[in-house]
Amino acid sequence: MAHEVAVLGVGMHPWGKWGRSFVEYGVAAARAALKDAGVAWKDVEFVAGGDTMRNGYPGYVAGATFAQALGWTGAQVASTYGACATGAQAIDVARARILAGLCEVALVVGADTTPKGFFAPTGGERPSDPDWLRFRLLGATNPIYFGLYARRRMEIFGATLSDFAQVKVKNSRHGLSNANARYRKAVTLEEVMASPVVSDPLRLLDICATSDGGAAVVLTSMEFARKHATSPVRVVAVSTVTPRFPNTIIEMPNFSTDSAATVAAPDVPFKDSIARRAYEAAGVGPEDLDLAEVYDLSTALELDWYENIGIAKPGGAEKLLRDGETTLGGRIPVNVSGGLACFGEAIPAQAISQLCELTWQLRGQAKDRQVEGAKLGIAVNQGLFGHGSAVLAQR
Amino acid sequence: MGGAKKRVPAIEGWFRMNDAEPSLLGVRCSACRTIYFPREAFCRNPECGGGALEETPLSRRGKLWSWTDNRYAPPLPYMARDPFEPYTVAAVELEAEKMVVLGQVAPKVDATGFRVGQSMELVLDTLFEDDANEYIVWKWKPVAA
């Protein structure tokens, strides 16, 4: 397996609404990851920062921002952005650099400080920006898109409000003992279904919050890792795929899908292609997975992901959930970290935090939420404007 | 007209300002015939060498793909009324174009009985107003098949 890098260290700053600078969370996560790896900051040759769009210029140059905060050492940097997929891009940039032999030790950091309420586009009059226009002309917040997918699931596959609520109930129990999670309270079906409707059929507790948080990983060459650890967790594939034309599922922040009238829709829809690319690169399949971390921006979206990553056939997600297969102790536990349901979204940190969770699970360090004997895990998400994100980790 | 507000499109060139027969205005590539809405400056078909893009009206009717609503006022730049009035958003599939297009649903339409696949028609309606103008946008409205 030529395309493997080691995850030598992982670290996080707890998710919450702390109201401090994102740099603080990033630095705390980076120091935790370095300590976990047993690597000194001055030995890091390359820093990949996941950018944040809501924290001014330092957020657009996150790699340098974190490097400066940790103390300039002359390390080389890159700063990447891919919306919710930002973290996977930062991971992939560091991984590629290691695989190319350009460095042995890389630090990947993402952190965010988020405003209260709905995510809004950046300010000013920007009528050529679809992200601005979707708010102006449609009032299409993120939950509007989540609501469209959820209603479609109900109409096509017979999903129920109770199924959606059950996802939240499951994830809230998974995250109970996760010290990095923001929400650590078991909720009931009744509480979810009685919470205020935001974008019908989705209730407040079906939709993830926006959070502050930070996550970091130390990636190294396999050769370097073997000198520092026995049997380190390995990243065996990263997928940062974009859609193929025509993309026929309506996607944030678009007004429409591509037209499939002249060019037929691709055999594999975009969201299905995200994990598939990673499986193909690693020579594994969904049947080999021991756990999955998926991007539950809404409860209903978690069900979509079961099908997108191939652990259920189209329309089969509800049965998988109802049978308890995706609950800790089931055949293929999903979001044992508690997922976005317990974390809320800290955009550039999220995909990195997913890899932190996979690493703890594969090392057997996940305590109360440990998936017994986990050997292979996948983390997936999707960023608006066509960003796929999947990371496969193995031990 | 004393005091009557001027009706202006909330965005220029995205739809025909014709109340009797409104339609969205897309573009069609002269080479591969692919249609785009909103209009594009280039043909995005990777198999196409790129032709001239010519304005073309889209079908005025389609089938409901999905719908949802907003119960809380979105942030700016949405110009929410005060008090806020919840609205429904529909995704409508245009058969000829094989394309799904979003739009708010016309006000006072009860979405309770909506079903995927039902017929929807394009209408024009006010998005917001200021002292001088009413800003008009396209919306979807159920129609008998």
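These legends go with a set of close-up views of a predicted model. Because this is a prediction, local features need pLDDT of at least 70 and side-chain atom pairs count only at pLDDT 80 or more, while totals for chains, interfaces and linings use all residues. Residues are numbered from 1 along each chain as its sequence is written, and chains are lettered from A, with ligands numbered from 1, in the order in which they are written.

**View 1. The open sheet of chain A has 9 strands.** Going across, the order is β3-β2-β4-β7-β1-β8-β11-β10-β9, with mixed pairing. Strands here are DSSP runs of E, at least two residues, and helices are runs of H or I, at least four residues, numbered from the N terminus; two strands pair if DSSP finds at least two bridges between them. β3 (76-80) and β9 (291-293) of chain A sit at the edges with a single partner strand each, so one side of each has no neighbour in the sheet. From one strand to the next, the twist averages 25°. Angles run from 0 to 180 degrees between N-to-C directions, using axes fitted as lines to C-alpha atoms, for helices over the stretch in contact.

**View 2. Here β8 and β11 of chain A pair up.** Residues 233-239 (β8) and 387-394 (β11) run antiparallel and share 5 bridges. Look for Ala237(A), whose bridge partner in β11(A) is Leu392(A).

**View 3. Two helices of chain A pack against its strands.** Helix α3 (residues 62-70) of chain A lies across β2 (46-50), β3 and β4, at about 120° to β2(A). Helix α14 (residues 347-363) of chain A touches β1, β2, β4, β7, β8, β9, β10 (376-383) and β11, and its direction makes about 55° with that of β7(A). Contact means that two residues have C-beta atoms, placed from the backbone, within 7 Å.

View 4. A nonpolar core is a set of buried Ala, Val, Leu, Ile, Met, Phe, Trp, Tyr and Cys residues joined through C-beta atoms within 7 Å; buried means 20 or more other C-beta atoms within 10 Å of a residue's own, exposed means 12 or fewer, and partly exposed is in between. Beyond its neighbours within four places in sequence, the contacts of Ile352(A) include Gly50(A), Ala90(A), Ile91(A), Val108(A) and Val217(A).

**View 5. Domain 1 meets domain 2 within chain A.** An automatic or database assignment sets the bounds: domain 1 is 5-117 + 213-233 and domain 2 is 130-207 + 235-394. Their C-alpha centres lie 23 Å apart, and 35 residues of domain 1 are in contact with 34 of domain 2. On the domain 1 side, α4(A) gives the largest share, 8 residues.

**View 6. Chain A touches chain B.** Here 33 residues of chain A contact 40 residues of chain B. α5 (130-138), α6 (142-157) and β5 (197-199) of chain A each give two or more residues to chain A's side, and α6(A) gives the largest share, 7 residues.

**View 7. Chain B has 9 strands and 0 helices.** Its C-alpha atoms fill a box of roughly 50 × 40 × 30 Å along the principal axes. Of its 145 residues, 35% count as buried.
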